[in-house]
Amino acid sequence: MKIEINVDENRTDTHIIISCRQLTPEIEKMLAMLRILEKQLTVTQKDEIYFLDIAEVVYIESVDRKTFIYTEREVYESDFKLYELEEQLESCGFFRASKSCLVRLQYIKSLKADLNRRIRITMENGEQIIVSRQYAEELKKRLGLKHEKKSRPLEKGEWM
């Protein structure tokens, strides 16, 4: 694969051309990554391809090595692995809630303490998601519910 970049000060927009013998899975994945930069995900539903605005995504779940994208009304499938989406979407307000789930923070309706220091999230669409205890403290920080303790020097005679 050869990559060619042409910087032109007179250009007013970015134009990407991909020349190939055939459309391979690698090229399709590269195109999907470019869509993420444009705040869209390439997803499928019933053998149709859709370009879904990231703003519509409520949460993302991985089940049996498949990645599902949930909006308020629809469920789509993505070819991306959950960790790939996490890397790309963290700056868009997504948070890892468990090994198999990413949630969009702005769609959280309520939180409830659950067993073993886990948190039960109710999303705007009514779905309930369990945040594992591994990620619970970080969720509280991201939502501004827990402040990091600031360390201070110990006073003479004070124990840790």
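**View 1. Strand β10 has side chains that alternate between two faces.** In β10 (residues 128-131), I129 and V131 point to one face and are buried, meaning under 20% relative accessible area with a 1.4 Å probe and protein chains only. Strands here are DSSP runs of E with at least two residues, numbered from the N terminus. The model is predicted: local features need pLDDT of at least 70, side-chain atom pairs count only at pLDDT 80 or more, and totals for chains, interfaces and linings use all residues. Residues are numbered from 1 along each chain as its sequence is written, and side-chain values use heavy atoms, without hydrogens and water.

**View 2. β9 and β10 form a hairpin.** Strand β9 (residues 119-123) runs antiparallel to β10, and 4 bridges join them. Strands pair if DSSP finds at least two bridges between them. T122 stands opposite Q128 in β10. The hairpin has 4 residues between its strands. In the turn, G126 has a positive phi of about 95 degrees.

**View 3. The second largest pocket is lined by 16 residues.** A pocket is an open set of points on a 1 Å grid over the protein atoms alone, where a 1.4 Å probe fits, with protein on both sides within 12 Å along at least five of seven lines; lining residues have an atom within 4 Å of a point. E28, A32, T42, I49 and D79 lie nearest the centre of the second largest pocket. α1 gives the largest share of this lining, 6 residues. Helices are DSSP runs of H or I with at least four residues.

Key
Buried means under 20% relative accessible area, exposed over 50%, partly exposed in between (1.4 Å probe, protein chains only).
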